[in-house]
Amino acid sequence: MAALFAASTKWLERGITVLEQILLCCLVVVMFSLTLAQVIFRYLLDSPLVWSEELVRYLLVWTSMIGAAGALRLGSHFSLITFVAHLRPRAAAAVMLVVDLAVGIFAAVVLIQGVRMTMFGFSEQAVSFSVSMGWFYLAVPVGGGLMLWHVAARTIGNWADKASLRG
Amino acid sequence: MLGLAVVFLLLLALSVPIAFAMGITGIVGIVILHPEVSMELVTQRIFGGIDSFTLLAIPFFLFTGEAMAAGGISGRLVNLARLLVGHIRGGLGHAVMVSGVFLAGVSGSHTADAAVLSSAMVPTLKEVGYRPSKAAALVCASAGMTILMPPSLSIIVYGEMTNTSIATLFIAGIVPTLLTTAALMLHIYIEARFSKVHVDPRASWHQTLHAFLSAFLSLLLPIIILVGIRGGAVTPTEAAVVAAFYALAIGAFAYRAIGLRELGEILLRTGHTTGVIMLLIGTAGILSWLLALEQVPQLIANWFKSTGGGRDSFMLLSIVIFVLMFALLDGLPAMLMVIPIFVPLAIQLGIEPMHYGIILIAATGVALFLPPIGVGFLVVVKTAGVPLGETGWALLPYLGTMFLVCVLLAFVPQIAFALPHLLGMM
């Protein structure tokens with residue numbers, strides 16, 4: 001039962017990671033193309049796009065939240081490892097658990113408060129085009145949720161590895 | 001407030017990622033000090049901090065740097081630098097410095113530059129008889145000194161957070177970079193009088209011209225960026241997207257080094273690094289809101305004035321604090337922490353915020369390579385596979401020179417701001 005749970009977590013993590021990476025690539029491509037289009041329309045065609053600047057700003061939030069979640073999975077956020085670098089394996093594992101807990105708490109707050117903000121945002125419109133702000137606020141809880149998921153998946157994975165070593 | 005500082009330092013010491021440590025400290029601060037404030041502030045500050053057209057320059061310059069690296073640019077630039085200055089007394093040391101300036105002009109990330117320079121130059125330096133530790137030290141100095149070279153990501157973040165002109169800061173960074181380069185080359189030249197180092201034979205015109213033409217398309221990139229921004233025609237973000245497009249085009253079509261697979265990798269790396277930087281900016285926004293509400297900058301300012309400290313002692317103190325703190329906390333995250341406290345203080349003491357920014361970022365250049373903990377230093381030691389201690393000692397004299405230039409910049413603001421004045425940007 002436990003093995004099944006661990007295996008399905010691993011499988012789900014793989015699927016989510018692929019989706020996350022596809023989404024991230026698409027977001028960067030769209031931001032890039034829209035901003036380039038904005039430059040072309042303003043300077044070459046002399047008819048500036050009125051909505052592009054606001055839209056790419058919101059897409060930057062999406063990119064950042066998805067990218068930050070991916071970076072958490074890869075362990076590439078800046079952290080101070082000077083003091084924990086020389087801990088013994090047992091102590092290091094304990095510290096790791098505390099770190100994951102801290103990250104998890106933050107991600108949970110971002111998820112919950114982000115959902116509240118998003119719900120509220122659906123009654124608001126973007127300034128320069130008629131799309132509900134909820135779609136853009138949504139980036140924040142999605143990012144928080146992905147972070148929470150990655151931390152949970154890693155913890156479950158570690159726990160399963162240890163259990164299988166013991167068994 | 002002191003309790004919060006303890007929570008924050010404890011989280012950092014436990015190796016909680018800095019962005020998350022700032023976020024949790026902010027949350028704890030709201031719960032304890034301002035329970036009347038809605039927790040929704042956390043997500044509002046994150047969204048609001050990232051939602052900026054200026055910051056959009058960051059992913060585009062990151063993309064440019066990644067595309068340039070994947071396009072095999074570094075080899076061409078290093079080769080040109082060697083032919084240009086390798087024959088001067090001090091030999092390849094000068095080539096490392098000039099390569100650093102070339103590379104910084106196309107990439108905003110100095111830790112990445114350091115890795116590129118290290119893998120491109122250290123083997124060559126070893127071949128001609130440099131000690132590995134000396135070779136790595138030269139690379140560290142070269143990557144550190146170019147931190148102010150546009151398009152510096154630190155400048156974009158500083159400009160955005162303090163509401164100062166990024167275009168002006170970009171132009172202001174040029175002369176300090178060249179001055180530091182000249183100082184280090186002088187250092188290498190004098191050093192070479194006392195020790196025997198390999199010197200290249202003078203390159204023929206034909207060779208140099210050939211190298212120049214092969215690197216020409218990449219040398220054009222910093223010029224595109226600078227002319228675009230200086231002309232005032234485009235915002236830094238628009239210049240960044242044009243630069244990114246240009247880098248992709250020459251990497252894919254002129255040098256034929258970027259295919260679909262490489263493009264995918266570039267996009268992913270850009271997205272992830274953007275996430276790292278933006279989450280830091282977002283969570284730093286929560287903390288800076290709290291600091292402002294608790295009037296921490298004013299408290300520190302009053303304390304500093306009561307000790308009788310003035311402008312000059314504040315400048316010196318800032319540089320020392322920045323070098324130590326940024327070495328411990330990786331430059332950019334540390335910068336986001338000190339800006340809300342130190343910049344209001346500097347303004348109260350009559351220091352121009354743009355001048356203070358140049359000093360702050362110049363100090364980052366020293367800090368990132370400060371042995372034994374600077375991130376850039378560790379990256380070079382790792383990629384070059386050299387002994388850490390020996391490299392650290394070999395590097396210290398160069399860092400000393402860089403530190404002196406930094407102090408000089410603090411007391412002679414004209415070095416940085418004469419050029420923007422001349423161009424009518426101030």
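Leaving aside neighbours within four places in sequence, with which residues is B:H94 in contact? In this predicted model, those residues are B:V85, B:I88, B:R89, B:M185, B:I188 and B:Y189.

## Helix α6 of chain B

B:H94 lies in helix α6 of chain B, a helix that covers residues 92-104. The relative accessibility of B:H94 is 2%. Because this value falls under 20%, B:H94 counts as buried.

B:M97 also has its place in helix α6 of chain B. B:M97 is buried, with a relative accessible area of 0%. When residues up to four places away in sequence are not counted, B:M97 touches B:L138, B:A141, B:S142, B:M145, B:T181, B:L184, B:M185 and B:I188. Two of these names, B:M185 and B:I188, are also found among the contacts of B:H94.

## Helix α14 of chain B

Helix α14 of chain B runs over residues 260-293 and holds 34 residues. At 1.5 Å a residue, this helix should span 50 Å, and its end C-alpha atoms are 49 Å apart, so the two values agree.

Most of α14(B) is covered, since 24 of its 34 residues are buried. After α14(B) comes B:Q295, which has a positive phi, near 55°.

## The interface of chains A and B

In the contact between the two chains, 55 residues of chain A meet 55 residues of chain B. Together the chains bury about 4,800 Å², of which 82% is on carbon and sulfur atoms.

Charged and polar pairs are also present. The interface contains 3 salt bridges, and one salt bridge joins B:D51 to A:R57, with the closest N and O atoms 2.7 Å apart. Between chain A and chain B, 6 residue pairs are in polar contact. On the side of chain A that touches chain B, the elements giving two or more residues are α1 (2-44), α2 (52-74), α3 (89-121), α4 (134-137) and α5 (139-166) of chain A. Of these, α2(A) gives the most, with 16 residues. By kind, the residues of this side of chain A comprise 37 nonpolar, 13 polar and 5 charged.

Technical notes. Residues are numbered from 1 along each chain as its sequence is written. Chains are lettered from A and ligands numbered from 1 in the order in which they are written. This is a predicted model: local features need pLDDT of at least 70, side-chain atom pairs count only at pLDDT 80 or more; totals for chains, interfaces and linings use all residues. Side-chain values use heavy atoms; hydrogens and water are left out. Helices (H or I, at least four residues) and strands (E, at least two) are DSSP runs, numbered from the N terminus. Buried means under 20% relative accessible area, exposed over 50%, partly exposed in between (1.4 Å probe, protein chains only). Contact means heavy atoms within 4.5 Å. The expected span of a helix is 1.5 Å times one less than its number of residues. Buried area is the accessible area (1.4 Å probe) that two parts lose on being put together, summed over both. A salt bridge is a side-chain nitrogen of Lys or Arg within 4 Å of a carboxyl oxygen of Asp or Glu. A polar contact is a pair of N or O atoms within 3.5 Å; within protein, one must be able to donate a hydrogen and the other to accept it, and residues adjacent in sequence count only if both atoms are side-chain atoms. Ala, Val, Leu, Ile, Met, Phe, Trp, Tyr, Cys and Pro count as nonpolar, Asp, Glu, Lys and Arg as charged, and the others, Gly among them, as polar.
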